[in-house]
Amino acid sequence: MAIKVVTDSTADLSPQVAAELDLTVVPLTVFFGDEAFKDGIEISNQQFFDRLTSGGVHPRTSQPSVGEFEGVYRALSEAGHEIVSVHVSDKLSGTLNSALSATQQLPSASIELVDSRLASLGLGLAARAAAICAKAGGSLAEVSQVAGDVASRIEMYVVLDTLEYLQKGGRVGKAQALLGGLLSVKPVLTLVDGEIHPFEKVRTKRKAHERLKEIASNGAPWKEIALLHQTSADEVEDFLSALAPLSEEPILSEKIGPVIGTHAGPGAIGIALERS
């Protein structure tokens with residue numbers, strides 16, 4: 001009996017990475033007014049950010065329905081598989097709750113749920129590690145443990161170009177104190193126990209980016225580093241050059257997707273750092 005790994009689209013993994021690892025990605029939904037789009041399926045990153053910055057209706061997001069998870073789990077279970085389902089922090093989204101409700105509809109299915117306490121490529125690294133373990137023949141317990149262990153070793157730091165979108169999306173969390181009068185400040189945010197917290201206030205975008213690199217450098221070497229971004233190609237290349245010597249594995253670099261982008265906004269860049 002094979003183990004199959006499921007995650008959600010907030011993991012910001014490319015379809016190519018998911019396909020290579022036989023990783024099932026359940027999409028969240030982005031709404032522009034009454035228009036609904038499945039994250040990464042019915043709207044591309046470019047289309048999403050063009051609409052986000054056009055000055056029209058601010059988007060909102062919604063977790064997958066219980067029925068969507070149930071459909072995925074049922075198909076995998078009826079094909080003879082056990083399932084490890086690794087998801088975005090339950091303090092940031094109702095996704096895990098939908099997944100839990102779906103498991104309760106399928107009492108005969110063998111499903112382990114993992115709350116990563118992370119988002120974006122932090123979650124992506126944990127889900128990918130679980131999928132690699134599953135492809136190597138790991139048991140249900142082993143794959144679930146790998147997902148949890150990797151998630152527990154990941155630190156995330158993000159610089160947003162503006163807090164406007166985080167505020168509009170209602171995901172400010174412990175960073176609420178940063179709002180107001182921050183026109184010339186670029187806050188560095190982090191995730192602590194699944195919630196967004198302020199880490200440091202830096203005066204300019206350039207200094208904030210240098211601070212991210214410094215954080216990575218100070219903790220090096222890392223087992224793995226992921227770069228999440230919705231910024232210029234030059235800035236991405238600059239980060240990749242700085243981060244490559246600090247990681248034991250090649251840097252995983254992915255664009256921030258529509259759901260995370262709803263809250264992070266354009267110009268965001270961040271790092272997920274996995275300790276050895």
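This is a predicted model: local features need pLDDT of at least 70, side-chain atom pairs count only at pLDDT 80 or more; totals for chains, interfaces and linings use all residues.
I take buried as under 20% relative accessible area, exposed as over 50%, and partly exposed as in between (1.4 Å probe, protein chains only).

I number residues from 1 along each chain as its sequence is written, and side-chain values use heavy atoms, with hydrogens and water left out.

**Entry 1: salt bridges.** I counted a salt bridge where a side-chain nitrogen of Lys or Arg is within 4 Å of a carboxyl oxygen of Asp or Glu. My search of the whole structure gave 18 of them.

**Entry 2: K91 and D193.** I looked up this pair and found a salt bridge with an N to O distance of 2.9 Å. K91 is in the loop between β6 (82-87) and α4 (95-104), and D193 is in the loop between β9 (186-192) and β10 (195-202), so the pair ties together parts 102 residues apart in sequence. Helices (H or I, at least four residues) and strands (E, at least two) are DSSP runs, numbered from the N terminus. K91 is partly exposed at 38% relative accessible area, and D193 is partly exposed at 48%. I also noted both residues in a salt-bridge network with D90, D115 and R117.

**Entry 3: E224 and R128.** These side chains form a salt bridge at 2.0 Å, N to O. E224 belongs to strand β11 (residues 224-229) and R128 to helix α5 (residues 120-135), so the pair ties together parts 96 residues apart in sequence. I list both residues as buried.

**Entry 4: E70 and R74.** Here the closest N and O atoms of the salt bridge are 2.6 Å apart. Both residues sit in helix α3 (residues 66-78), four residues apart, or about one turn of the helix. E70 is buried at 18% relative accessibility, whereas R74 is partly exposed at 33%.

**Entry 5: the sheet.** I call two strands paired if DSSP finds at least two bridges between them. I traced an open, mixed sheet of six strands in the order β10-β9-β8-β13-β11-β12. Its edge strands, β10 and β12 (252-255), each pair on one side only. Strands β8 (residues 154-159) and β13 (residues 269-274) run antiparallel and are joined by six bridges. I found Y157 opposite I271 in β13.

**Entry 6: helices on the sheet.** I took contact as heavy atoms within 4.5 Å. For angles, axes are lines fitted to C-alpha atoms, for helices over the stretch in contact, and values run from 0 to 180 degrees between N-to-C directions. Helix α5 lies across β8, β11, β12 and β13, at about 140 degrees to β11. Helix α9 (residues 233-243) touches β11, β12 and β13, and its direction makes about 170 degrees with that of β11.
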